[in-house]
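Try each task before you read its solution.

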Amino acid sequence: AGHVTLRQAAELVYLSPSRLSHLFRQTCGMDFSEYLLALRLGVARELLTGTDLAIGEIAARCGFSDQNHFSAIFRKRTGRTASQCRRDRPEIVI
């Protein structure tokens, strides 16, 4: 997951960044950057509960520059640390 910008997304849909930003907020109820963050955190949550990947690897795969930044954002947005999220995952019974 590389760094995605509003400008790149706007170019893909042939709109100006300001127009895309306006339409995005109007349609989704949140800023483009907020949407991307929510998407990245959702993927991170899935990886934390569904894999044994290291938290640093998950942070990198979800587009965060480093594990500390990821951990701070994850805790601020979810109210739990990434480690707590992983520990609280349901056990798989076969």
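The exercises below go from the whole chain down to single side chains.

**Before you start**

This is a predicted model, so to speak of a local feature we ask for pLDDT of at least 70, and side-chain atom pairs count only at pLDDT 80 or more, while totals for chains, interfaces and linings use all residues. Residues are numbered from 1 along each chain as its sequence is written, and side-chain values use heavy atoms, with hydrogens and water left out.

**Exercise 1. The overall fold**

Work out which elements the chain has, and whether it is spread out or compact.

Step 1: Count the elements. There are 6 helices and 0 strands, where helices (H or I, at least four residues) and strands (E, at least two) are DSSP runs numbered from the N terminus. Read from that end, the order is α-α-α-α-α-α.

Step 2: Compare the radius of gyration with the globule rule. The radius is 16 Å, well over the 12 Å that the rule gives for 94 residues, so the chain is more spread out than a compact globule. For the record, the radius is taken over C-alpha atoms, and the rule is 2.2 Å times the number of residues to the power 0.38.

Step 3: Look at the dimensions. The C-alpha trace spans about 50 × 25 × 25 Å along its principal axes.

Step 4: Of the 94 residues, 24% count as buried; buried means under 20% relative accessible area, exposed over 50%, and partly exposed in between (1.4 Å probe, protein chains only). Among contacts with a separation of 6 or more, 47% come from residues 24 or more positions apart, a contact being heavy atoms within 4.5 Å.

**Exercise 2. Salt bridges**

Find how many salt bridges the structure holds, and say where Glu-34 and Arg-77 sit in the chain.

Step 1: Get the total. The structure holds 4 salt bridges, each being a side-chain nitrogen of Lys or Arg within 4 Å of a carboxyl oxygen of Asp or Glu.

Step 2: Take Glu-34 and Arg-77. Their closest N and O atoms are 3.0 Å apart. This pair links distant parts of the chain, with Glu-34 in helix 3 (residues 32-50) and Arg-77 in helix 5 (residues 67-78), 43 residues apart. Glu-34 is partly exposed at 31% relative accessible area, and Arg-77 is partly exposed too, at 43%.

Step 3: Now try Glu-57 and Arg-61, which meet at 2.7 Å, N to O. They are 4 residues apart in helix 4 (residues 55-61), so about one helical turn separates them. Glu-57 has a relative accessible area of 35%, which makes it partly exposed, and Arg-61 is partly exposed at 44%.

Step 4: Arg-80 is partly exposed, at 30%.

**Exercise 3. An arginine without a salt bridge**

Which side chain of opposite charge is nearest to Arg-86, and what does Arg-86 touch?

Step 1: Arg-86 belongs to helix 6 (residues 82-87).

Step 2: Look for a partner. Arg-86 is buried yet has no salt bridge, and the nearest side chain of opposite charge, Asp-52, is 5.1 Å away. For charges, Lys and Arg count as positive and Asp and Glu as negative; His and the chain ends are not counted.

Step 3: List the neighbours. Leaving out residues up to four places away in sequence, Arg-86 touches Leu-47, Leu-48, Thr-51, Asp-52, Leu-53, Ile-55 and Ile-58.
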